[in-house]
Amino acid sequence: MNTIKARLIYPRWNKLPGQTTFTLPPHGAVVFAATLPEYVDVKFTDENVEEIDFDEDVEIVYISMMLSTQVKRGWAIADRFRARGVTVMFGGISTMLHAEETIPHADSVFLGEAEGRQEAILDDWRNGKLKKVYNYMGKMPDIATVGPARRDLYKRELYNHKGVQMVDLFHASRGCRFSCYPCAVSYLGGRCFRPRPIDKTIADLESIDNNRLFIVDNSLAQDKQWELDLFREMIPLKKKWISHTIEDDPQVLDLAAQAGAWYVYQAVYDTSDYIKERVKRYHDHGIGVEGTILLGLDNQTEDDIKRLIDFLLNIDLDLAEFTVLAPFPHTKAYDDLMRQGRIFDHDWDHYNAGQVVYHPKHMSAERLQELYNYAWESFYHDETQEEKMFKLFTQVMLREMEDGTYRPRDRKLANKSFGRDVDRSKRNVNELKNNPLQTN
Ligand code: B12
Ligand code: SF4
């Protein structure tokens, strides 16, 4: 079989003003790359850290879009390649969420999970029969066929800040049993939790040359026995990891801690004792907590939001990330707000969950925007994000030192940040004082 020269592109997107400037290696794209047959010579460009060569001699460009804030850029990239006659195929989460609008910019749009499907599509392409749409939504491949991801495609030095390697992304399951108001996951993956087989998951984890991971599963708290088995098998790997919620159960928390849980994201949606105690339980097990706080739901008044912010300051969260409701397509939030005529901004570049694009129920859009800014400012008023991150990094470094997995930073990259030269003159006081990444 003749080799096909292909380029896989992950379009750039803008961070929220309050988010850390860290750029993590894209995951979906390299999981997709693993589904391509060997005769595809695929190279990868993450536009968040490097430039695209629009003149490259390639036959197929694959564009992987995860966020709504990537789609306009993805379309523009496609238009340039297609003008030269290069075949462009789109896939990924936001291709599924923005399928109809993507079609005019594509030779082909792939909807669904990629495993086991690419060879037949490439046959169509060779025979001049490439279809405009390959729709596999709702037809999930066997979960055992997933992975390992093509991490060899990363230019690792581009995901490094002053010598410290960023976490690698990993997923141990797909889908989710729930269907929450602002979330597109039930549309994307069906309301069904699909855990990967433990032995394959562990083998995949073992092969990652990075001790620090972000396990991106929607929620690990879906099947207690699987969760227990997974954590038990992870213990000898000595990885340290961040994840979304895990089961609030002493046995699970205990095993998670032994398996290297570093910190977890926990949605904080009210000011109840339940939340307070839950955060405490994580801490009692040595697991940090980053609160994720969604502002602007119809049941929230201005006072509720202020009360929630005060509450956060009293429950000892390690970090917090605030977002405003963003009505992403294929969510209940989108359907409701569209039907009620409350969405006033349809520019997908603004759908970053930091910009208000709809009329909230109990306040003006401007007021919600102010409260969102106030939330970031008040949470990080006494201790900056860098200072709080420093504490979390110290915790992980100490644990790594204890179990002999600690890797000192790479001094060759000490003057680089995500591939660019560090401008030392711009370091701020906190960074000089407290940068967790400079302690060794
Ligand atoms: C990891 C993640 C992040 C990471 C991304 C880091 C990185 N470098 O990639 C971070 C933390 C940065 C992030 C941020 C945000 N995220 Co996010 N994130 C995810 C998450 C949990 C996992 C994505 C993933 O890797 N999935 C696993 C991979 C394997 O699946 P996949 O990408 O679908 O890939 C498969 C197929 O799609 C296909 N495929 C992929 N690419 C291609 C390409 C081609 C050509 C083909 C044919 C096929 C194909 O092949 C793969 C294997 O089958 C998803 C939820 C989810 N579970 O998917 C939310 C999700 C993507 N995020 C979401 C949101 C809301 C956000 C935020 C806006 C808000 C927030 N605080 O979470 C911010 C962004 C802020 C901003 N400025 O815009 C929403 C999407 C919203 C949207 N429409 O934009 C999702 C769906 C979660 C949800 N609850 O709805 N996120
Ligand atoms: S918000 Fe989390 S728990 Fe709810 S449907 Fe989405 S992935 Fe599932």
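Guide: A residue is taken as near a molecule or strand if its C-beta atom, placed from the backbone, lies within 6 Å of it. Residues are numbered from 1 along each chain as its sequence is written, while chains are lettered from A and ligands numbered from 1 in the order in which they are written. This is a predicted model, in which local features need pLDDT of at least 70 and side-chain atom pairs count only at pLDDT 80 or more, whereas totals for chains, interfaces and linings use all residues.

Visitor: Which element gives the most to the shell around ligand 1?

Guide: There are 43 residues around ligand 1, and Gly28, Ser64, Gly91, Gly92 and Asn352 come nearest. Two or more residues of the shell come from each of α1 (28-33), β3 (60-64), β4 (87-91), α3 (93-97) and β16 (319-324), where helices (H or I, at least four residues) and strands (E, at least two) are DSSP runs numbered from the N terminus. With four residues, the element that gives the most is α1.

Visitor: Within what arc do the buried residues of α10 fall?

Guide: A residue is buried with 20 or more other C-beta atoms within 10 Å of its own, exposed with 12 or fewer, and partly exposed in between. In α10, Ile275, Val279 and Tyr282 are buried. Because they line one face of the helix, their directions from the helix axis to the C-beta atoms fall within an arc of 60 degrees.

Visitor: What do the buried residues of α13 pack against?

Guide: Leu368, Leu371, Tyr372, Ala375 and Phe379 are buried in α13, and they cover an arc of only 105 degrees around the axis, which puts them on the same side of the helix. The face turned away from that side carries the exposed residues Glu366 and Glu377. Counting contacts as C-beta atoms within 7 Å, the buried residues of α13 pack against β15, α11 (302-313) and β16.

Visitor: How far apart in space are glutamate 50 and lysine 155?

Guide: Glutamate 50 sits in the loop between β2 (40-46) and β3, and is partly exposed, with 14 other C-beta atoms within 10 Å. Beyond its neighbours within four places in sequence, glutamate 50 is in contact with Thr45, Leu158 and Gly419. Glutamate 50 and lysine 155 are 105 residues apart in sequence, but in space, C-alpha to C-alpha, the distance is 9.8 Å.

Visitor: What is the omega of the peptide bond from glycine 147 to proline 148?

Guide: Most residues other than glycine have a negative phi, and most peptide bonds are trans. Proline 148 lies in the loop between β6 (133-135) and β7 (160-161). The bond from glycine 147 to proline 148 is cis, with omega near -10 degrees.

Visitor: What phi does phenylalanine 418 have?

Guide: Phenylalanine 418 belongs to the loop between β17 (416-417) and β18 (420-421), and its 19 C-beta neighbours inside 10 Å make it partly exposed. Although it is not a glycine, phenylalanine 418 has a positive phi of about 50 degrees.

Visitor: What does the protein's pLDDT average?

Guide: The pLDDT is the predictor's confidence in each residue, from 0 to 100. In this protein 96% of the residues score at least 70, and the average is 94.

Methods:
Contact = placed C-beta atoms within 7 Å.
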